[in-house]
Amino acid sequence: MNQLDILIPFALPPAEMARDLLRQCQAPALAMLLARGKPAAPTQSHDPFSRALPHEHWLARRFGLPQPAQDSSPAAAAALMRSLGHTPAAGHWFVLHPAHIHVARDHLVLTDISQLQLDEAQSQKLFASAAPLFTEIGHEVVYGDAGTWFIRADAWAGLRTSTPSAASGRNVDIWMPEGPGELAWRKLQNEVQMQWFSESLNEEREMRGLKTVNSMWIWGGADTSAAPASAYAAGYGLNGWTQAFGSAPASLPGAADIAAGNGHRLLLLDQLVEVALAQEWGLWLQRMESIDREWLAPLLASLRDGAFDAVNLILTGADKLVQISTTRGALRKFWLKPSLSKLSA
């Protein structure tokens, strides 16, 4: 079947904000797809304190990553290593991100790692500074890219970790790793923090108005056998850790090119994540309207013209997930007026 799944994280606004935001939002293509479509599955509720966001859990299940026995981040490390050109040695690997943690009124908060603006030269310098602290206690570390490193820690298999997006902007104590290796990780994290405290690089960043790199975040523990299944004929917009599912950021084509493809495809539109985590709802409105104009409107036209048999929306918020499927035939139901009301369901 020729169809397109469109995953839009944080398209569902918080319940307390939904009425005001949706009244202001001008997204006619999305309103049409929602009104003429029907639920493809029951609305899924998620624990707001889960160690991964709803769209992250959905992607992990959709691509067949191993599901942990207890709530933890997706087992993405080994697959992500492969996508960045490395063949991980047998064992248990975790993703490491250079990070910034700041002091709030009475707790520590993880800053969204996408705001770090760490370039390759800076990252390589920090990696070289920290690597001996890992290797001297028997942990192999691998450089992936400026924002992504890896650590092998076989004895930590079963360590429950949180994705950086789930923890961003929140009290880090709630999201810190728990289980095998918990104390060893905290000790290692502290040693790296002390090592980086004296780095001239951080002084230079502060002078330029950038956030210091003063910590690391660990998640994604996986054995090398954890490989994603080929769930789609093609995937578009998969960047960051979702590169583990087989796409590079530079490969994102336009809506017309996506419509010209064949088979069951996936498009990830993640422009709302950063602003939603920062609770910048004015920017959320702007980006939602941009998504509608630049992506959903042309893809709706392609559905009408027969390029797709169906367009399936997977829309998430902080604690729920909604799936709406719209077929070409359903667009003829003129008596169903376009509406965004399903975003507040």
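# A chat about strands, helices and loops

Student: How many bridges join strand 9 to strand 10, and do the two run parallel or antiparallel?
Tutor: In this predicted model, strand 9 and strand 10 (residues 264–268) run parallel, and 3 bridges join them. For one of the pairs, look at Ala-234, whose bridge partner in strand 10 is Arg-265.

Student: And what sheet do they form, in what strand order?
Tutor: The sheet is open and has 6 strands, in the order 2-12-11-1-10-9. Its pairing is mixed.

Student: Which are the edge strands?
Tutor: Strand 2 (38–45) and strand 9 (234–236) are the edges, each pairing on one side only. From one strand to the next, the twist averages 15°.

Student: Let's look at a hairpin. Which strands form a hairpin with 2 residues between them?
Tutor: That would be strand 6 and strand 7, with 2 residues between them. Strand 6 (residues 141–145) and strand 7 (residues 148–152) pair in the antiparallel sense over 4 bridges. Within this pairing, Tyr-143 has Trp-149 of strand 7 as its bridge partner.

Student: How many residues of strand 6 are buried?
Tutor: Strand 6 is mostly covered, with 4 of its 5 residues buried.

Student: Which polar partners does the Thr-161 side chain have?
Tutor: There is a polar contact between the side chains of Thr-161 and Ser-73, at 2.6 Å. A polar atom of the Thr-161 side chain also lies 3.4 Å from the backbone nitrogen of Gly-220. Leaving out residues up to four places away in sequence, Thr-161 touches Arg-51, Ser-72, Ser-73, Phe-94, Pro-177, Ile-218, Trp-219 and Gly-220.

Student: What does the side chain of Ser-50 make a polar contact with?
Tutor: The partner is the side chain of Asp-71, at 3.0 Å. Beyond four places in sequence, Ser-50 touches His-57, Asp-71, Ala-166 and Trp-175.

Student: Switching to helices: how do helix 2 and helix 12 cross?
Tutor: The axes of helix 2 (residues 28–36) and helix 12 cross at roughly 55° and come within 7 Å. That angle makes helix 2 oblique to helix 12.

Student: Which residues meet there?
Tutor: From helix 2 you have Pro-28, Ala-29, Leu-30, Met-32 and Leu-33. They meet Met-288, Asp-292, Leu-296, Ala-297, Leu-300, Leu-303 and Arg-304 in helix 12. By class, the residues of this contact divide into 10 nonpolar, no polar and 2 charged.

Student: And at what angle do helix 5 and helix 9 pack?
Tutor: Helix 5 (residues 120–135) and helix 9 (residues 200–207) pack at about 150°, with their axes 10 Å apart. Helix 5 brings Gln-122, Lys-125 and Leu-126, while helix 9 brings Ser-200, Leu-201 and Arg-205. The residues of this contact divide into 2 nonpolar, 2 polar and 2 charged.

Student: Backbone question now. What phi does Gln-117 have?
Tutor: Gln-117 has a positive phi of about 55°, although it is not a glycine. Most residues other than glycine have a negative phi. Gln-117 lies in the loop between strand 5 (108–110) and helix 5, and its relative accessible area of 56% makes it exposed.

Student: What about phi at Gln-279, and where does that residue lie?
Tutor: Gln-279 is not a glycine either, and its phi is positive, about 55°. You'll find Gln-279 in the loop between helix 11 (273–277) and helix 12 (281–304). It is exposed, with a relative accessible area of 59%.

Student: Last one, from helix 11: is Ala-276 buried or exposed?
Tutor: Ala-276, which is found in helix 11, counts as buried at 7% relative accessibility. Apart from residues up to four places away in sequence, it touches Phe-10 and Trp-281.

Student: And how many residues apart in sequence are Ala-276 and Gly-317?
Tutor: They are 41 residues apart in sequence, and their C-alpha atoms are 9.1 Å apart in space.

Terms used:
Residues are numbered from 1 along each chain as its sequence is written. This is a predicted model: local features need pLDDT of at least 70, side-chain atom pairs count only at pLDDT 80 or more; totals for chains, interfaces and linings use all residues. Side-chain values use heavy atoms; hydrogens and water are left out. Two strands pair if DSSP finds at least two bridges between them. Axes are lines fitted to C-alpha atoms, for helices over the stretch in contact, and angles run from 0 to 180 degrees between N-to-C directions. Contact means heavy atoms within 4.5 Å. Ala, Val, Leu, Ile, Met, Phe, Trp, Tyr, Cys and Pro count as nonpolar, Asp, Glu, Lys and Arg as charged, and the others, Gly among them, as polar. Buried means under 20% relative accessible area, exposed over 50%, partly exposed in between (1.4 Å probe, protein chains only). A polar contact is a pair of N or O atoms within 3.5 Å; within protein, one must be able to donate a hydrogen and the other to accept it, and residues adjacent in sequence count only if both atoms are side-chain atoms. Angles under 35 degrees count as roughly parallel, over 145 as roughly antiparallel, 65 to 115 as roughly perpendicular and the rest as oblique.
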